[in-house]
Amino acid sequence: MLSVAGLTRRFGEHLALDDVSFDVRPGRMTGFVGANGAGKTTTMRIILGVLAANGGAVTWQGEPLSNEVRRDFGYMPEERGLYPKMKIHEQLVFFGRLHGLDSLRAAERTDKILGRLGLAERAGDTLETLSLGNQQRVQIAAALVHEPIALVLDEPFSGLDPLAVDAMVDLLREEVTPEVPVLFSSHQLELVERLCDDLVVLSRGKVVAAGPVAELAAGPAATYRLVVDGDAGWLRDVPGIKVRDVAGATALFDVVTDPDGGLVQQVLQQAMSRGRVLEFGPERVALSDVFREATR
Amino acid sequence: MSNETLRHPWQLVAQREISTKIRDKTFIGSTAFMLLVVLAAVIIPALVAGNSGPDKIAVLDDSGAKVVAVADGIKGGDSYEATRTADVAAAEQLVKDGEVEAALLPGKNGFEVLGKQRVDSGLQDSLREAAANLGMEQNAARAGLTPEQLRAGSQLQERLLDPGPLPEIVANFVNIGLALAFYMTALGFGMMIAQSVVQEKESRVVEILAAAVPIRALLWGKVIGNTVLALTQIVVIAAASLLGLLATGQADILEVIAPVAGWFVVFFVLGFVALAGLWAVAGSLATRQEDLGSTTLPGQMVLMIPFFFSVFAGAEAKSVASFIPIASSMAMPGRMLTEHVPLWQPLLAIVFLLVATVLIVRLGARLYERTLLRTGRRLGYREAISIKAS
């Protein structure tokens, strides 16, 4: 597990990170969201050792993250960049070796990834001759070539069309072994919702929400949605719940008091005894609402 | 390429630096150009000198021929040759046509030397000395003296307490040549180092590099890779000029140069490495190629001032310069070639240079670490020094 604990970073007078703590659990995609300037890139650069923190620590499996371990991480910085005039095969082998692979293994991995990206026949071309989309693919290949033990991707999908995003996601799924923790930042919340298991929301340098996407999207209050084959107005008379909204057959209600914990089931039974139940369940909140709520 | 996992990432950085550069057209072009210039400098003078042979001097009679023969002896032989002509008019014609270098004609109270536009001063001196010697010997014989009696007590001999291994003109030439070799290489490779650093900043690849390996490893890789390239370039050029010297039968120069070659390498490597650290910093202060003009200025000054000093300063100033780090890389090998320098002097200069190199490289590494990842705007040296570790 990759963890940051109490990270603080100041740029002059500006407090960019204020006691930032969260975990990136193995085998889970952790989405890292926040408005521009919230401190996502700063956090990621500190994790990669490119920037120093004023306080706090980055740990790996409970130990302070050493340079040797960090060398096995994969990183895709916000500002993309490789050697424009270097051939892509040569370039990926170089990065593989820089991350500690021997030259044979680096060449093997490069062949495999280029093949998967459909760039095998461009292996001998220089990076600058590739289209921007393909350059982006090579960029992610550079982060994956050494079979990283953890991945930190800063806005990996920005500037990609939906098809390219899908291809990139497939590549990540295939290339990243189940125990690898992945942290990626993004502005595209629907994408984060679709891909991520966990979520960390950062606002003005502080973590304002963190946890599994499912829990965060469930919202703070227990709100349920009931759709029946008739009128749902009877809900107003059930003790212990507060109806938010009833429109004919559809009702939205909050559980207010539930001393023995069985109220929700009782409501369901009552509804079923009155007729057909078409839909019943906790109301999901869109991630964009969670985000707006958390960063307000 | 070896199949071992690299224990030292700087090796990989150095490898990339070298393999990129030896395929770079500009680098290949400039090396080929330098090779051509050096070969031309070695071979052309030999060809020109080989073609000329002894200068021809037109004479009318035996007495003239004798003067020319004596003058030839004074010059060490194979310098002048007498060409007999029938009369003054024929001699003038030969001079006019450039068939002979000059004509030695009977003149008022001795001889007259006749040239077309001017007479070479070396030739004039030799002829004057020869004519005077011969004339005085004849006069002495008439007065009943032998040539030995005539010359008794009139000889001037040279005795040097500290004879230099090379004649002065050659010595100056060699001094400038050695200093120039260092100056050109250090400047050329320095600019390449600064450019390669700023290219990594410009293309943002530096962020990935810095995340993968320590920044110092990046610096060392660049410095060592370029030092190896620079030395190789020098060795290739030296080997080519060696072949040129052998091919043109000038191998005797080697005997003079060989003992200093090892010293030159030591001074070269140390001076080069110290400067390479500075050049890398010049690159890391810049954010774009255009910034290099101003960030490399201190490096250029550090090279240029000692260069002109070691080339144009007087002997004493040169001796001082040969102890000052960086300047010593340009001045000391030349001094050792042209003067007798006691062994402790180059050793002391190396100690000074070594200390300076360590200090400069350490300062350079610190500045490099602090400024490499600042891609926002160009930084100044003073600003960089005041930046706290980030």
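**View 1. Helix H9(B) meets helix H10(B) in chain B of this predicted model.** On the H9(B) side, the residues in contact (C-beta atoms, placed from the backbone, within 7 Å) are B:Leu219, B:Lys222, B:Val223, B:Asn226, B:Thr227, B:Ala230, B:Leu231 and B:Leu245. Their partners in H10(B) include B:Ile253, B:Leu254, B:Val269 and B:Phe272. By class, this contact has twelve nonpolar, three polar and one charged residues. Here Ala, Val, Leu, Ile, Met, Phe, Trp, Tyr, Cys and Pro count as nonpolar, Asp, Glu, Lys and Arg as charged, and the others, Gly among them, as polar. Helices (H or I, at least four residues) and strands (E, at least two) are DSSP runs, numbered from the N terminus.

Before moving on, a note on reading the labels: residues are numbered from 1 along each chain as its sequence is written, and chains are lettered from A and ligands numbered from 1 in the order in which they are written. Because the model is predicted, local features need pLDDT of at least 70 and side-chain atom pairs count only at pLDDT 80 or more, while totals for chains, interfaces and linings use all residues.

**View 2. How do the axes of H9(B) and H10(B) cross?** H9 spans residues 215-247 and H10 residues 252-285 of chain B, and their axes come within 10 Å and cross at roughly 155 degrees. The axes are lines fitted to C-alpha atoms over the stretch in contact, with angles from 0 to 180 degrees between N-to-C directions. The two helices are therefore roughly antiparallel (an angle over 145 degrees).

**View 3. Helix H3(A) sits largely enclosed by the rest of the structure.** Nine of the eleven residues of this helix, residues 88-98 of chain A, are buried, meaning that 20 or more other C-beta atoms lie within 10 Å of their own. Among them are A:Ile88, A:Phe94, A:Phe95 and A:Arg97. The cover comes from both chains: it includes H4 (103-116) and H5 (132-144) of chain A together with H1 (9-21) and H8 (205-212) of chain B. Just after H3(A), look for A:Gly100, with a positive phi of about 100 degrees.

**View 4. Chain B touches chain A.** In this view, 21 residues of chain B are in contact with 24 residues of chain A. H1 and H8 of chain B each supply at least two residues of the chain B side, and the largest share, six residues, comes from H8(B). By class, the chain B side has 13 nonpolar, four polar and four charged residues.

Terms used: Buried ≥ 20, exposed ≤ 12 C-beta atoms within 10 Å, placed from the backbone. Contact = placed C-beta atoms within 7 Å. Parallel < 35°, antiparallel > 145°, perpendicular 65-115°, else oblique.
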